[in-house]
Amino acid sequence: MTDHQQFEDKSNPPGSPGEYERLAKWLKETLPVTTLLSENVSSSSDDEMEFEGLFDETYHLHFYQQLPDFVIALLKNDPLVNIRFAPLLYHLLICPDCHRAYLEIYDAMRVAVQADEIQPPVSQGLHFSVEPPPARVVVHLCKVLISQAEAVLRQAHRDHTNGDPLARSLLQQAMRISSRIAQNGVRGQALEDLVRVATLFNGAGVTDNPAAHSYSLQLTGSGGPRRGKTVRRAETFRHAGSPTEQPVIYLRDSHLEGTITQHEDSLELHLEDLDEHLRGHYVIITIPLGSLFEPVHWIGGNPHAIRSAVPVAEDGTLTTPLGETTLRMNNPEERNQLEVTFWRLEVRPA
Amino acid sequence: MPFSAHDLRYNLEANFPALYTYLHHRAQRFLGSLQFDADEVDQVVEHVIEQLVRLGVAGGGDEKPLTPLDSLTNAQFYAFLNRSVEHKAIDRLRKRRLLVSSFAELEKEGTEAENNPLNEVTESVWGAQPFPTPEEIALKLASTQELRVLLRHCIEALKKAPHQLQAVLQELEEFGTTALLRAVTEDLKETSYVPEASLANSSQHRDHAHKKLRICLQRKSSNLAVIVALRLTEYGEHTVSMHQEVTVDIQILAQDNLSEDDVRIGLKRLTAEGILNWHDEEIVHLTAVQKKRLRRFYKFE
């Protein structure tokens, strides 16, 4: 007989509700509830802000996602609910955020399950013409999707499980949805954490070999690029042999510039002024978000390690194909999708 | 325009405008006098969107297991969304009410109940919810056998210190927790434990017993932050400086199935709790106050 069973037998009949109340009081006095401390933690310093971004202690994905099952079990008067959800119950005791979410979800689900029984279907609001959501709401959705992907990856890392498929799907949705945002600066806000999350935990682009150059996408609209630097506008960007009317994606690494052009299905990378130690050598090109973007067939099949077709020229220039796609850069929405893919591009010696 | 939970799960991109339109319309309705405040409407809409994504209902696809929300009929799902919007709108109205000197104008907005959402929820937003407060959850927890088993083991571990054990048993008796007390005393019958007729300095013994109970519960915890907190207090005891500071090398903490990465994560969590002031150094510095707080740190997980 297990300890568990022994105790059950010896406490049969169980204590009265009054006894439980007294035991609960004793427990609360003996065990300090430390979560209250976290509510008062100042996040004024930069370090703390950074930390807060990396570890969102107020969102506990593992418990949060159990809430609908827990609530439905309560609503169905499941006699084993306390056993099945004991860890969640413990967590709700000390986590005000999850407790708040529990109350909210319980209330909404309670109303929902009664909807068919006691009231006609809620139809208000269903017969209005669909309005395009404003950019700020789309930005929020993208941020939430990326944040959720990060939470999934962190939870999976902690549990030693594979959260990659779900995280990947969420990031892909954020990339696609963001392509609906016309303003480049606003799109930059929506995707500001994309590369960081996509490369979390041995993700894309992580190699032992440090990059010689790390290019970022240049968004030429209001708000500028991620690092807030002044961006030369497309019309003034110099690129030998690139017709001004040809759609181009612009990249920048400090003072270096690069472009990606399209010739029919082929995407071609053009770099200039590469380091002297790279000249005369082949290079490896890494596109960290490339594996998230399925419509491109990358040269060699691995967007994290595309070997240049030719060595870097003696003048530091390189022109090499990256892959093929049926998307067109002169289609605004498809161009936006391609741009996001090249949010970062790294070059290292082969 | 209608969309379903299934649509949001498998095709969020295409159905997001419809979801937004619905939520926006409902938010305006429930926000009453704030319905033309775009920021307030956005806050309500974005809250519900965030909730749907976090639950895996929006954008979860095949990768996220289905939830009870996916099993709702369309009418039920809209009722869920509607209520979620209403709840957040009420929350916003309440917060605004705290900011303005008079809330009377809200009551003058109209006679329809829908324009006065607070009217119907002033007394109780939650109705008959089973655990509206943490205290009620604690009560429920105390009635679960897992917790009682854990407590019983920790209390019985005190038998090497009979006075402390007796102090706790007296405390349980004072609290009237007879079922737990009976279970413990029956187990103790098989040991040589004999309580004294009267216990001197019982409060002192009780304090010591509480400390041991906390350590016992910490040791049984699988929470990373709790494990690291315990190790900090245990491994740092022999390195007290002149200023009552304690220093602990991270390498020392990373033992017994705990990697250095695990230790660092635990330290970061303790820092986030406000207990430590650690910035990724190799050596953790503790003040006496911090060490005391670490001893009392516990998280259920």
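First, the housekeeping. This is a predicted model, where local features need pLDDT of at least 70 and side-chain atom pairs count only at pLDDT 80 or more, while totals for chains, interfaces and linings use all residues. Residues are numbered from 1 along each chain as its sequence is written, with chains lettered from A and ligands numbered from 1 in the order in which they are written.

So, chain A. You get 14 helices and nine strands there; those are DSSP runs, H or I of at least four residues for helices, E of at least two for strands, numbered from the N terminus. Of its 350 residues, 41% are buried, and buried here is 20 or more other C-beta atoms within 10 Å of the residue's own, with C-beta atoms placed from the backbone. For contacts, the cut-off is C-beta atoms, again placed from the backbone, within 7 Å. Taking chain A contacts between residues at least 6 apart in sequence, 67% join residues at least 24 apart.

Have a look at helix H8 of chain A, residues 86-94. Seven of its nine residues are buried, so the helix is largely enclosed by the rest of the structure. Among those buried are Leu88(A), Tyr90(A) and His91(A).

Now the cores. A nonpolar core is a set of buried Ala, Val, Leu, Ile, Met, Phe, Trp, Tyr and Cys residues joined through C-beta atoms within 7 Å. The largest one has 119 residues, and Ala112(A), Cys142(A), Leu171(A) and Ala174(A) have the most contacts inside it. Which residues does Ala112(A) touch, leaving aside neighbours within four places in sequence? Leu72(B), Gln76(B), Phe77(B), Ala79(B), Phe80(B) and Arg83(B).

Over in chain B, helix H11 (residues 224-235) packs against helix H13 (residues 260-272) at about 95°, axes 8 Å apart. Axes are lines fitted to C-alpha atoms over the stretch in contact, and angles run from 0 to 180 degrees between N-to-C directions. That makes H11(B) roughly perpendicular to H13(B), a label covering 65 to 115 degrees. Leu224(B) and Val228(B) are among the H11(B) residues meeting H13(B), whose side includes Ile265(B) and Leu270(B).

Last, strands. In chain A, E1 (residues 213-217) and E9 (residues 344-349) pair antiparallel over four bridges; pairing takes at least two DSSP bridges. Ser216(A) stands opposite Arg344(A). E5 (residues 283-286) of chain A also pairs antiparallel with E9(A) over four bridges, and there Ile285(A) has Val347(A) as its bridge partner.

Key:
Buried ≥ 20, exposed ≤ 12 C-beta atoms within 10 Å, placed from the backbone. Contact = placed C-beta atoms within 7 Å. Parallel < 35°, antiparallel > 145°, perpendicular 65-115°, else oblique.
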